[in-house]
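I opened my notebook to look up a sheet and then an interface. Here is what I put down.

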There are 4 protein chains.
Amino acid sequence: MNKRIKLGMIGGGPGSFIGPVHRKAARMTNDYEFVGGVFSADFEKAKQVADSDHIDVNRIYPDLNTMIRTELALPAEERMQAVSIVTPNYIHFEAAQKLLMNGFHVICDKPVTTTVPEALELKRLVDETGLTFCLTHTYLGYPMVRQMRELVKTGVLGEIQRVDAQYYQGWVNPLIHGGESHLSAWRFDSKYAGASSCLGDIGVHAFNLIEYASGLKCTQVLADMNHVVNHVDLDLDATVLLRMDNNCLGLVRASQVAAGEENDLKIGIYGSKASLKWDQENPNYLYLISDDEPNKVYRPAHAYNTEIAAISSGLPCGHPEGLHEAFANLYAASAKSIRGEELKDGELPGIVDGVRGMQFIEGAVNSFKKGNTWVKL
Amino acid sequence: MNKRIKLGMIGGGPGSFIGPVHRKAARMTNDYEFVGGVFSADFEKAKQVADSDHIDVNRIYPDLNTMIRTELALPAEERMQAVSIVTPNYIHFEAAQKLLMNGFHVICDKPVTTTVPEALELKRLVDETGLTFCLTHTYLGYPMVRQMRELVKTGVLGEIQRVDAQYYQGWVNPLIHGGESHLSAWRFDSKYAGASSCLGDIGVHAFNLIEYASGLKCTQVLADMNHVVNHVDLDLDATVLLRMDNNCLGLVRASQVAAGEENDLKIGIYGSKASLKWDQENPNYLYLISDDEPNKVYRPAHAYNTEIAAISSGLPCGHPEGLHEAFANLYAASAKSIRGEELKDGELPGIVDGVRGMQFIEGAVNSFKKGNTWVKL
Amino acid sequence: MNKRIKLGMIGGGPGSFIGPVHRKAARMTNDYEFVGGVFSADFEKAKQVADSDHIDVNRIYPDLNTMIRTELALPAEERMQAVSIVTPNYIHFEAAQKLLMNGFHVICDKPVTTTVPEALELKRLVDETGLTFCLTHTYLGYPMVRQMRELVKTGVLGEIQRVDAQYYQGWVNPLIHGGESHLSAWRFDSKYAGASSCLGDIGVHAFNLIEYASGLKCTQVLADMNHVVNHVDLDLDATVLLRMDNNCLGLVRASQVAAGEENDLKIGIYGSKASLKWDQENPNYLYLISDDEPNKVYRPAHAYNTEIAAISSGLPCGHPEGLHEAFANLYAASAKSIRGEELKDGELPGIVDGVRGMQFIEGAVNSFKKGNTWVKL
Amino acid sequence: MNKRIKLGMIGGGPGSFIGPVHRKAARMTNDYEFVGGVFSADFEKAKQVADSDHIDVNRIYPDLNTMIRTELALPAEERMQAVSIVTPNYIHFEAAQKLLMNGFHVICDKPVTTTVPEALELKRLVDETGLTFCLTHTYLGYPMVRQMRELVKTGVLGEIQRVDAQYYQGWVNPLIHGGESHLSAWRFDSKYAGASSCLGDIGVHAFNLIEYASGLKCTQVLADMNHVVNHVDLDLDATVLLRMDNNCLGLVRASQVAAGEENDLKIGIYGSKASLKWDQENPNYLYLISDDEPNKVYRPAHAYNTEIAAISSGLPCGHPEGLHEAFANLYAASAKSIRGEELKDGELPGIVDGVRGMQFIEGAVNSFKKGNTWVKL
């Protein structure tokens, strides 16, 4: 019997949004056996999570060092092989560093670190160890995002003349307008979140999506930001002008204070012959528009899609798949990588995406601090 | 540690669409441990499925009787507790009957049987044994379908004056127009599929959705059907007029030959004050329309939803969930039922839905055979 | 200077919805000079309409006979040439008959008459006189409806296997549920409206659209109807099964009591290779869906459209046009016909559409009265 | 009989897109009699337009001075009262100036002039003469845009935290990529178009819409622009950061090279409690989204709308209206103004909009020239 990969987790304790998503995604692939981890700084709470998730409480650890030491002492075939890092941002670097240095594959939330040098250091470690490092840029797991990238490669758009992405949410409004008490949220504290709230949490997804789907690289950024209320020290709303390596204009817009917006990540890649548009809230529709023929709507699970899109959807056409499946596609790609199987181009976002993301965040923050000037990435 | 329910499966071998969906849904809940079953009449193939799905090949059985006998011989805490039936229709009855008679909980695909008396016999057994019986009317697991039913209950629609559901697919076209060879498909053979193809496979979903969401009961049906091509003996396209118990008109339309339609299940419930509309391909939008105020769009994961809708979505708003999650909601409800936990109204479609579905199919087929006359359900 | 056609109107007085639409449509074409008519049985009110519409009050007449007599006495170049009939249904026949017999071209609202024999008599007169007779089936003026018909003609759908149209409105609810006082509405009185309210007012549009767009003819109908409340004698909600001349199933659904629906006319033509869908409330989108390639969205004002679609839109692409323009396209076609210019196929709905519509209404009403049996058209 | 306003036109000759739109809009209101003008520098062509439009060829003039002199010599009740200016941009100023100085009301296309001082001079003249000056910012005539502004006024959005507008078209692509020959288009020549192509032609609409709908004023701009190809001297693609007078971020994006986009003008106003979104290509839907209750969709012709929205639609709900009607609403407002009738707030875009628009264009161009620095408006 083909063995499942033994998976651990750092973070994802009670109240975590993203921890359960990682666990569900891993289970959906059936490529992993979830064996334990460090779920919470509060050991009792961590054990409750383990219990409710049917995980052996003996492999719940009080801290990362204990986990590494104990697991390394286990026989190889029982030992944890890969670890998901789903903590607040500021822990990502140290945890990833230790795990990689001790031979564990890593699946890490974004933003990968809180500074560019940390990201570069992780890149060095990944290159050196040859271990798998997956950065869970969730949206790169959607079939139609992957199809978008492939369609761009064919040249059907002609010359790319503009790239736009936006990521709007509204969930921060009640926190900032409803009183001080909610501001303990770690995302608004640069100590825990890094130099940016809005760009670090969501703007970086938009940036990542642009480079992934268009195949272009951003060369410089000019950012405007808004903290919205006096008692918040990080950006909650931002606009970033991009210049791309083919000289076309790009744009990232991100907001955490757009009331009523849920998870409104959109991208448009505009070419001289045709353009592509995709919207995360309706992820199973990819629009190819042109002036010369009727607009086209690509849908998952059709023979006309490319191979990477095809392997990214698991149901017949018309049966909606969503974020869990996109996430699971990243876990599936990680499993392939861990097993040494060949990956399709674009199947596994990794440390390079992480470095680019940190460069974007840092560049944008610097641009704003310098009075909205251009900053090279 | 809270134990997971030990789950088996009948059917779902290589090439099956629905088997893997059941397995993935069960894994998503994390309420089940998938332990074995009878995956295929071809024992070697069954073992391959087991291997690729990381299931112990020793609990793959050549036939149902062997499985029941062997499992019953295991200690209670190792024994299979529930079994999913995902075979062609004609096997449902016999398998469910044997499983219920031997104390196994059952999770069964629809249509529940191929005749009304069989469905009634299963109902008798379920009532007698007190075992859990889940009929996987997938669409009843969607948060917005459940919200729809709750909104109807509040009376916001006024008097219901019309109910419509449609279910259109196009996948049969290449089979019937592309040559004889494909007609081995079991769905077109009444021996395996029962009295109907189109109504039995998809029309029954539309009917079920009408009764579920509107709270009305259908009292009689008048059906028109089309076999489309001479060499097919079952309906591939059908329209069924309904009369509901409040005397309003109802309608079920179903087609397997609507080229380009993917899985186009839609419902509208039209009232004297307001109406509700929902569409399976965009399941996270529920429309409440009226003449007196702006139309309203309900979305999952908001505090304004009812409790059953709330427990039916697992992600923050704006993160799309789809069919797997709807399916998993039925598995979660089954687990609650098996464990004796309290269910919300409408959380678990069961044998009563099965009996109603068979009455609908049989009534419609009889109506058509009698020259499109009304048939009481 | 190319002279404009001198146009008169019967009906369209104060409070009329459709009268002003006709006048605006005629003005949009700039093909007509609106010179007078019989706007209302109340002569004073008629004169007010004339004044507010900048029409010479001397050509407002107290009744049709006076109008005909007086106009015929004018020199040919001043004389009214065409007359729009926008009265309640029961007046259509007599007015059209007199006008045709006296040499006036006629532009008439639907339903063309209240009985089939009346419609046939008008057809005889139109054939005999060679005068232009336009039946304002508004929706046949939309560019994308015309494009739909042309696409069907190309055979791109393969064999047509199903045709569906629906027309849902909710405006009648407050009238029937809000008290008796509103029931003076002429549409609910068979003396003024003919044998049907819902099918006569809107169902007939759906039927007309099916035959127009699909190119198929309906051979028989089976109808179910609902008066909804005891104190209304006509249908307010109806479903009509159709059998088409290629043996495929068809369907017309119409409701005036679907709360919240505005003017929800939709059509789907489903083929063995592809299908077409169009929706009146978003009239500038025509969907061609198939299993083999991405779905296509046709939009007006593109070079890829057919010639009749091209001449039907007057703005560059992306500038929305709506019902007024569709209506104006019928007035433009009438002007071409009156001037003896060549018309495109499908450009001018006429008396043949009127006869078919009356056969549909009469057939459906008879089917319902006979207990939902098939009635041949 | 209430007399219609006698209307003339400068520009709008053969091949003009906007001239016929003005004429049709004026006719739709029935408030105007179109009596003549200077349609083209080519007098013969001008007469052909007159003939095809049923206008007395004797009032077609070879130039503006002749027109003014001749019309002023006519008896007051025959004389042209208002003149529409639909020429290339560079003529707007001189024509408007002369017309206002000679007592004619003016209806002028945007951008109002090619420089800010010209716009200010026209403002001085309008203030001095008290004549009506309508700047045809078409999109301000849409019912749902007007409703948007009124909803903002109610405070339902809470604090406005972000405003975004985009205007994307693709029509320029074939001109710039298809060869030099097409570059005679006046829009790409600063002599005729002014300092900007993309912002002057369409970006200014987006800017205008932001200030109109949000009620906020922009205080400074920072622009990035792209000429796309070497042989074009004006911007064809641009992004403009805005800072609004309440300190929130704003954004205008405009492109003439977004292949496949038709006339994609969109706006979003994001508040602390709720947000509003509108899209010109689907103009009859206005979205009010919030986290606390289901999203709301406003539609024209409902009693729940405000008064100015109500008077802006002429059909029952569900009957689509589009750009012609929006345009006609501006002509109707102009007629009310000319007759001295009271206007609703926001009903008539005028010279103040023109001055703001020119300040925006000039500010953005200067910002770009100075290396993407902030420029105060």
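Before the sheet, a definition: I call two strands paired if DSSP finds at least two bridges between them. Strands (E, at least two residues) and helices (H or I, at least four) are DSSP runs, numbered from the N terminus. This is a predicted model, where local features need pLDDT of at least 70, side-chain atom pairs count only at 80 or more, and totals for chains, interfaces and linings use all residues. Residues are numbered from 1 along each chain as its sequence is written, chains are lettered from A in the order written, and side-chain values use heavy atoms, leaving out hydrogens and water.

Sheet, chain D. I found an open sheet of 5 strands, order β2-β1-β3-β4-β5, with parallel pairing. β2 (32-38) and β5 (133-135) of chain D each have a single partner strand, so one side of each lacks a neighbour in the sheet. I also looked at β1 (5-11) and β3 (82-86) of chain D, which pair in the parallel sense over 5 bridges. Leu7(D) has Ala82(D) in β3(D) as its bridge partner.

Interface, chains C and B. I noted 42 residues from chain C and 42 residues from chain B in the contact (heavy atoms within 4.5 Å). Across this interface I counted 8 salt bridges (a Lys or Arg side-chain nitrogen within 4 Å of a carboxyl oxygen of Asp or Glu). Lys277(B) and Glu261(C) form a salt bridge through their side chains, at 2.7 Å, N to O.
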